[in-house]
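Have the sequence and the 3D view open as you read.

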Amino acid sequence: MTTIIEPFRIKSVEPIKFTNETERKTILKDTGYNPFLIHADDVMIDLLTDSGTSAMSSKQWAGIMDGDESYAGSRSFFRFEEAVKRITGMDFVIPTHQGRAAEKILFSILGGKGKFFPNNTHFDTTRANIEYSGAEAVDLLCEVGKHPEEKADFKGNMDLDKLRAFILEKGPENIPLVFITITNNSGGGQPVSMENIKGVRKICDEFGLKFFIDACRFAENAYFIKIREKGYESKSVLEICRELFSYADGMTMSAKKDALVNIGGFLALNDDKLAMNCRNVLIVTEGFPTYGGLAGRDLEAIAQGLEEITDENYLHYRIRSVEYLGEKLLAAGVPLIEPTGGHAVYLDAKRFCPHIPAEEFPGQAVSIALYEKGGIRACEIGSVMFGKYDEKGKLIPPPMELVRLAIPRRVYTQSHIDYVAEIIIAVFNERHLLKGYKLSYEAPMLRHFTARFELA
Ligand code: F0G
C-alpha cells in the first residue's frame, strides 16, 4: 500500500468562510499589507503558524473536562510532570503559559550585559528575550543550512568548529549556556542530528558549559533522526527523544507545537539551584509552581498531547504531508528550501522574485500575493522579521528571504493542501507581476507583528 492516510477520523468541524479576490484586495489595503493584522475569519487556509493551531484529540478534550483546578498540588500537574519526565528524563519541570515565558524566566536569570548565547538559529522570541536582558544572541548554523537549494539530511546542525572558536573568543565565563533549536524553525524547520547534539555536549563538557535545547518540535526532529541517521532506524521515537534529551542540562518548550495544544509551555532542567531560581521568578511572573501560567485543564491536555506526539503513524503522516506539498511545488519549479522541513514548507523568495531587492521585502510580496490570490495566510521570515539597520539606517538583511507555509497539526486535509499548491503555482507563474513594499510603520522590537506596509 502506498497511500498514507491521516491517522485520525474527524469528529468536529469548523466551517471556512469563503472570500473573493476583490474582497481580499480591500482587506489587504485596510490591514497595511501585514497578514498578522488580518481577521482570521477572512483567511481561508491559515498557514501563518503551526503554533497553538493543532486540532486536539477527543482524549485531550476529555482531559480538559477532567482537569483539576486546585491552586496547589493539582492532580493535573502531576500527570503533566510525569509526561514530561517520561520523554525528557529531566528532574525539574516548570509549567509556563507558553515557550517565550520559559525563555523570559531563563534569560532574566542567566542573561545580562556582556553575556553571549550561541544557538544554531535563535527563534525571534528567544533572540528578543536574550537581547532584552542585555545579552547577545549569536547564530552558528552550519554552512549548508544557509543555502536553500542545497540538499542535506541535517541542515539544522550547529557549526561545531565555529562554536568552539566562539567560546574561545568570548571566554566560557561569559557564556551561561549553549542552546540548540530542534527543529531549526528560522532556518527551514530543518532537523539536527544526534551526532551534532552529542558534539555540542562534548564541547560544552570541554569548557564546563551548560547545554539547553529549544525543544518545540522535538518529536518531528526525532522522527527525522529515525529515518535519516544511521544507527537509529530500529529505535523507537520515544527512545530517540530520551537519548536526545539525555545530552542536555535543560530545555525550553512551547507546548503549542509538539505537545499538540492550543496554549502552554514549560521549562525542564536538571540543576536544582537554577530550578529554584526559575521557580522564584515563575511565582512572580506566571503563577504557583504546580500550575505556572496555565489552568489545570491545560496541563491535562499537554500531558495527553505528549503521549500522542511520539506515535510513529502520526509522525510518518506529518512529515510526509509536508513533503507532499513540497514535491508538488518543486515539480512546478517553485523554489523552496530543500529538503522540506518538519512543520512547514519554506518558499525561497530570493529566487521566487529576484527582481525585488531585500530592501523591498520579497518575502512580504509573496505572502501578500498568496493571500490576494487564494486567501492563504503565510508568514515572511526574512528582512521584515530579522532585518537590522546599520548606523546609517541601511538595511542589513538576514542570509535568507523566506515565506513559511506552516502546516497546523491534524487540521487540514489533502485537498486543502492541493488547493494551497494550486494557488502558489498560479502566483509563481505570474511572479514577474509581483511588486516590492516599503514600511510605513514599524515597532522597535519584533516589528513583523505590527508593521504596516505600502507599495514601494
Ligand atoms: N522557540 C521556537 C523554535 C519557536 O518556534 C517558538 C514559537 C518559540 C520558541 C516561542 O514559543 O510561541 O509558545 O512563546 N514559534 C511560533 C511560530 C510562534 O510561529 O513559529 P511560544
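What follows goes from the whole chain down to a few single residues.

## Ground rules

This is a predicted model, so to speak of a local feature takes a pLDDT of at least 70, side-chain atom pairs count only at pLDDT 80 or more, and totals for chains, interfaces and linings use all residues. Residues are numbered from 1 along each chain as its sequence is written.

## The whole chain

The chain holds 16 helices and 16 strands. Both are DSSP runs numbered from the N terminus, with helices being H or I of at least four residues and strands being E of at least two. The radius of gyration is 21 Å, close to the 23 Å that the globule rule gives for 456 residues, so the chain is as compact as a globular protein of that length. That radius is taken over C-alpha atoms, and the rule is 2.2 Å times the number of residues to the power 0.38. Along its principal axes, the C-alpha trace spans about 60 × 55 × 45 Å.

Of the 456 residues, 51% count as buried. Buried here means 20 or more other C-beta atoms within 10 Å of the residue's own, exposed means 12 or fewer, and partly exposed is in between, with C-beta atoms placed from the backbone. Among contacts with a separation of 6 or more, 69% are between residues 24 or more positions apart. A contact means that two C-beta atoms, placed from the backbone, lie within 7 Å.

UniProt, in an unreviewed entry, lists Lys-257 as "modified residue: N6-(pyridoxal phosphate)lysine". UniProt positions follow the numbering used here, feature names are shortened, and annotations may be inferred rather than shown by experiment. Lys-257 sits in the loop between strand 7 (250–254) and strand 8 (265–269). With 30 C-beta neighbours inside 10 Å, Lys-257 counts as buried. Leaving aside residues up to four places away in sequence, Lys-257 touches Asp-50, Ser-51, Cys-216 and Arg-217.

Five of the five residues of strand 7 are buried, so this strand is largely enclosed by the rest of the structure. In a regular strand, side chains alternate between the two faces of the sheet. Here Gly-250, Thr-252 and Ser-254 are buried on one side of strand 7, and Met-251 and Met-253 are buried on the other. Strand 6 (residues 210–214) runs parallel to strand 7, joined by three bridges, and Phe-212 has Gly-250 as its bridge partner. Strand 8 runs antiparallel to strand 7, with five bridges, and Leu-269 stands opposite Gly-250. Strands count as paired if DSSP finds at least two bridges between them.

## Helix 8

Helix 8 (residues 218–228) is mostly covered, with nine of its 11 residues buried. Among the buried ones are Phe-218, Tyr-223, Phe-224 and Lys-226. The cover over these buried residues includes helix 7 (194–207), helix 9 (237–246), helix 11 (296–309) and helix 12 (312–331).

Three bridges join strand 11 to strand 14 (residues 402–406), and Glu-380 has Val-403 as its bridge partner.

Axes are lines fitted to C-alpha atoms, for helices over the stretch in contact, and angles run from 0 to 180 degrees between N-to-C directions. The axes of helix 14 (residues 362–374) and helix 16 (residues 414–429) come within 10 Å and cross at roughly 115°. Where they meet, Ala-369, Leu-370, Lys-373 and Gly-374 of helix 14 face Ile-423, Ile-424, Ala-426 and Val-427 of helix 16.

## Backbone spots to look at

The peptide bond from Ile-182 to Thr-183 is cis, with omega near -20°, and Thr-183 lies in the loop between strand 5 (177–181) and helix 7. Another cis bond joins Glu-338 and Pro-339, with omega about -10°.

Tyr-33 is not a glycine, yet its phi is positive, near 55°. With 23 C-beta neighbours inside 10 Å, Tyr-33 counts as buried. Leu-446 also has a positive phi, about 45°, but with 13 C-beta neighbours inside 10 Å it counts as partly exposed.
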